Amino acid sequence: MAQPHELSTYSVEGTRQVASATTVVQLGLRNLSRRSLTIYNDSTAVLYVRFGDTVSSTNYKFQVASNSFYEMPTDMLYTGVISGTWAAANGFAYVAEGSD
């Protein structure tokens, strides 16, 4: 018989709106209590994302396509700064983060 899974409990802070830019913006601050992170790219341009203080269109961890989202895997949470930059500045990213 399968054992029931224990549910984790954490609070989800409000969704933050981050204006797009072709310079580096912080999508997420360092948060040692981070338990979840979702980024929605509400822009017509590609969003380049990197774990750390710097990011560029040639030095990034992953891309978030226009009108798409990224959800950080809960078994591989990164708790440091998350930076982003867009191929063109139009629109926003919406970032939701859950913490203890």
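Figure 1. In these legends, helices (H or I, at least four residues) and strands (E, at least two) are DSSP runs that are numbered from the N terminus, and the first view shows the whole chain. The structure is a predicted model, in which local features need pLDDT of at least 70 and side-chain atom pairs count only at pLDDT 80 or more, while totals for chains, interfaces and linings use all residues. Residues are numbered from 1 along each chain as its sequence is written, and side-chain values use heavy atoms, with hydrogens and water left out. If we take the contacts (heavy atoms within 4.5 Å) between residues at least 6 apart in sequence, 79% of them join residues at least 24 apart.

Figure 2. This view concerns the confidence of the model along the protein chain, given as pLDDT, the predictor's confidence in each residue from 0 to 100. The mean pLDDT of the protein chain is 89, and 87% of its residues reach 70 or more. Over residues 1-8, however, pLDDT stays under 50, and for this stretch the model has 0 contacts beyond four places in sequence. Where pLDDT is low, the predicted coordinates should not be read in detail.

Figure 3. Four strands form an open sheet, and their order across it is 3-8-5-6, with antiparallel pairing. The edges are formed by strand 3 and strand 6 (62-64), each of which pairs on one side only. Two strands are said to pair if DSSP finds at least two bridges between them. Strand 3 and strand 8 (residues 82-86) run antiparallel and are joined by 3 bridges, and within this part of the structure G28 stands opposite I82 in strand 8.

Figure 4. The loop between strand 3 (25-28) and strand 4 (34-43) contains N31. Is N31 buried or exposed? With a relative accessible area of 16%, N31 counts as buried, because its value falls under 20%. A polar atom of the N31 side chain lies 2.9 Å from the backbone nitrogen of S33.

Figure 5. Strand 9 (residues 91-99) is joined to strand 2 (residues 16-19) by 4 bridges, and these two strands run antiparallel. In this pairing, R16 stands opposite V95 in strand 9. Strand 9 is also joined to strand 4, by 9 bridges and again in an antiparallel manner, and here N41 stands opposite A93 in strand 9.

Figure 6. Q17 lies in strand 2 and, at 47% relative accessibility, counts as partly exposed. Leaving out residues up to four places away in sequence, Q17 touches F92, A93 and Y94. The side chains of Q17 and Y94 make a polar contact at 2.8 Å; such a contact is a pair of N or O atoms within 3.5 Å, and within protein one must be able to donate a hydrogen and the other to accept it, while residues adjacent in sequence count only if both atoms are side-chain atoms. Although Q17 and G91 are 74 residues apart along the chain, their C-alpha atoms are separated by 9.8 Å.

Figure 7. N67 has a positive phi of about 55° although N67 is not a glycine. Most residues other than glycine have a negative phi. Both residues count as partly exposed, N67 with a relative accessible area of 46% and S68 at 27% relative accessibility. Apart from its neighbours within four places in sequence, S68 is in contact with I39, Y40 and N41. The C-alpha atoms of S68 and N41 are 5.6 Å apart in space, whereas the two residues are 27 residues apart in sequence.

Figure 8. The segment after strand 9 holds D100, which counts as exposed at 58% relative accessibility. How many residues apart in sequence are D100 and S36? They are 64 residues apart in sequence, and in space they are 9.9 Å apart when taken from C-alpha to C-alpha.

How values were computed. Buried means under 20% relative accessible area, exposed over 50%, partly exposed in between (1.4 Å probe, protein chains only).
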